[in-house]
Amino acid sequence: MKYYRDLAPPPRTIMTPGPVEVDPRVLRAMSYPILGQFDPEFTALMNETMDMLRSVFMTDNKWAYPVDGTSRSGIEAVLVSLIEPGDRVLVPIYGRFGHLLVEISKRCGAEVVTLEKEWGSVFAPEEIVAAIRKFRPKLVAVVHGETSTGRLQPLEGISEACREADALLVVDAVATIGGVKVAADEWGIDAVIGGTQKCLSVPAGLAPITYNSRAEAKLLKRKRIERGLLMGDEAQDPAFRPIQSNYLDLSQLQDYWSPARLNHHTEATTMLYALREGLRLVLEEGLEERFARHRLQERALVAGIEAMGLGLYGDPASKMPVVTCIEIPDGIDGEAVRSMLLGDFGIEIASSFGPLKGRIWRIGTMGYSCSKRNVLLTLGALEAVLLRHGCKLEAGAAVQAAMDVYKMG
Ligand SMILES: Cc1ncc(COP(=O)(O)O)c(C=O)c1O
């Protein structure tokens, strides 16, 4: 047999907008023995996970559970379940992930209307409200934290316009959940999708979602059994628009997550252990305390970056606290810097997409990676690497500036 080396991932400090480092408690949880998915011990863990997800999404919704797959499986499950072919869907786009919402909505048969903002800024909520009044969509899908541009879209005030137009409000909070406030009920969001591998610091592989009774009503309308239809019986009811997915059909998934436990897929039991432990860590820390930790680390990082004389990309008023976008100085090869950071220091920072490719670096301060140690190491290493690349900067200033922030608290 051909020899394959032992698995020995090198130590890394991961300062990207995901995936980020995982708390050892989560890794330990993943090494526990498997339980059968209908074992009462396991279904009790499922219920506890639902309970903790409600707290993290800040909601009293009945439904809060993970979809198996990476975050986009949650996005796709929500959209394919809530969009009926022909529905008008409004997507305000201010970065790459807005385009993902458009692509998925189109695949669901939506007539998509978009609003576009120049990358680096976000919409005033009134602009989205005006578009809802003008286009009267059935669904509005918007990204809360755009990791591609490091911007945070304010969501307050949008849900009232959605309700006036009888539209559902769907929010991609993949990059913000667990690091920045995401208040599903207070902001009137009908369905929210979170991500595990970012501020929750759980490996990629599940997509926690929550949705309210307005969203559920739409699902149930599309469920055969509720309409007395059998498979292939649509002809009896031409108004019936079945959900065009089995794996991602929320009406079936919620039956599996309900006390009825109707069999659907085989649950990813190890991933559920991981999510449950990750949520326990979030709630033990406290949501407010966790958001404050993310803001403090952001301030220290930004102080260090500015002390190096580097420019921050984008409108500061809409900066996402957990992603910092840095302009690559003229004459510097951004990829060479990243690869020296990784090769010599074991520190990973991110490049960027589309129009920003080669123009900015993105540093994430998320979840378990969001620590004083990591911020100071990253600043010290970046400074050293930039000096090696011929950048003119004052050696030592970045780390000192960040340390001043920590001293002030
Ligand atoms: C804002 C946002 N939405 C969606 C996604 C897609 O998530 P995944 O890669 O887990 O499918 C990402 C991933 O980076 C993201 O940052």
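Predicted model: local features only at pLDDT ≥ 70, side-chain atom pairs only at ≥ 80, totals over all residues.
**Ligand site**

I started with Gln197: one of its polar side-chain atoms sits 2.8 Å from an oxygen atom of the ligand. I count a polar contact as a pair of N or O atoms within 3.5 Å; within protein, one atom must be able to donate a hydrogen and the other to accept it, and residues adjacent in sequence count only if both atoms are side-chain atoms. Residues are numbered from 1 along each chain as its sequence is written, and side-chain values use heavy atoms, with hydrogens and water left out.

Next I looked up Lys198, where an N or O atom of the side chain lies 2.8 Å from a ligand oxygen. For Thr70 I got 2.7 Å between a polar side-chain atom and an oxygen atom of the ligand.

Which residues surround the ligand? I listed Thr70, Ser71, Arg72, Ile75, Phe97, Gly145, Thr147, Asp172, Val174, Gln197 and Lys198. To get on that list, a residue needs a heavy atom within 4 Å of the molecule.

**Thr147**

I picked Thr147 from that list, and found it in the loop between strand E6 (145-146) and strand E7 (151-152). Helices (H or I, at least four residues) and strands (E, at least two) are DSSP runs, numbered from the N terminus.

Is Thr147 buried or exposed? It counts as buried, at 5% relative accessibility. The cut-offs are under 20% relative accessible area for buried, over 50% for exposed and partly exposed in between, with a 1.4 Å probe and protein chains only.

I then checked what Thr147 touches, ignoring neighbours within four places in sequence: among its contacts are Phe97, Lys198, Arg362 and Met366. Contact here means heavy atoms within 4.5 Å.

**The sheet**

I traced an open sheet of seven strands, in the order E2-E10-E9-E8-E5-E3-E4, with mixed pairing. Strand E2 (63-68) and E4 stand at the edges with a single partner strand each, so one side of each has no neighbour in the sheet. The twist from one strand to the next averages 20 degrees. Two strands pair if DSSP finds at least two bridges between them.

How many bridges join E2 to strand E10 (residues 206-211)? I found six, and the two strands run antiparallel. In that pair, Asp68 is opposite Leu206 and Ala64 is opposite Thr210. E9 and E10 also run antiparallel, joined by three bridges, with Val192 facing Thr210.

E8 and E9 are parallel over four bridges, and Val170 stands opposite Ala191 there. On to strand E5 (residues 139-143), which pairs with E8 in the parallel sense over five bridges; Ala141 is opposite Val170 in E8.

I checked burial too. In strand E8 (residues 168-173), six of six residues are buried: Leu168, Val170 and Asp172 point one way, Leu169, Val171 and Ala173 the other. E10 has six of six buried as well, with Leu206, Pro208 and Thr210 on one side and Ala207, Ile209 and Tyr211 on the other.

Helix H2 (residues 40-57) packs on the sheet and touches E2, strand E9 (191-194) and E10; its direction makes about 105 degrees with that of E2. Axes are lines fitted to C-alpha atoms, for helices over the stretch in contact, and angles run from 0 to 180 degrees between N-to-C directions.

**Salt bridges**

I counted 23 salt bridges in the structure, each being a side-chain nitrogen of Lys or Arg within 4 Å of a carboxyl oxygen of Asp or Glu.

I looked at Glu284 with Arg25, whose closest N and O atoms are 2.9 Å apart. Glu284 is in helix H9 (residues 269-285) and Arg25 in helix H1 (residues 24-29), so this pair ties together parts 259 residues apart in sequence. Arg25 is partly exposed at 22% relative accessibility.

Glu284 also has a salt bridge to Arg280, at 4.0 Å between the closest N and O atoms. These two are four residues apart in helix H9, about one helical turn, and Arg280 is partly exposed at 32%.

Last, I noted a salt-bridge network linking Glu84, Asp87, Lys138, Lys218 and Lys221.
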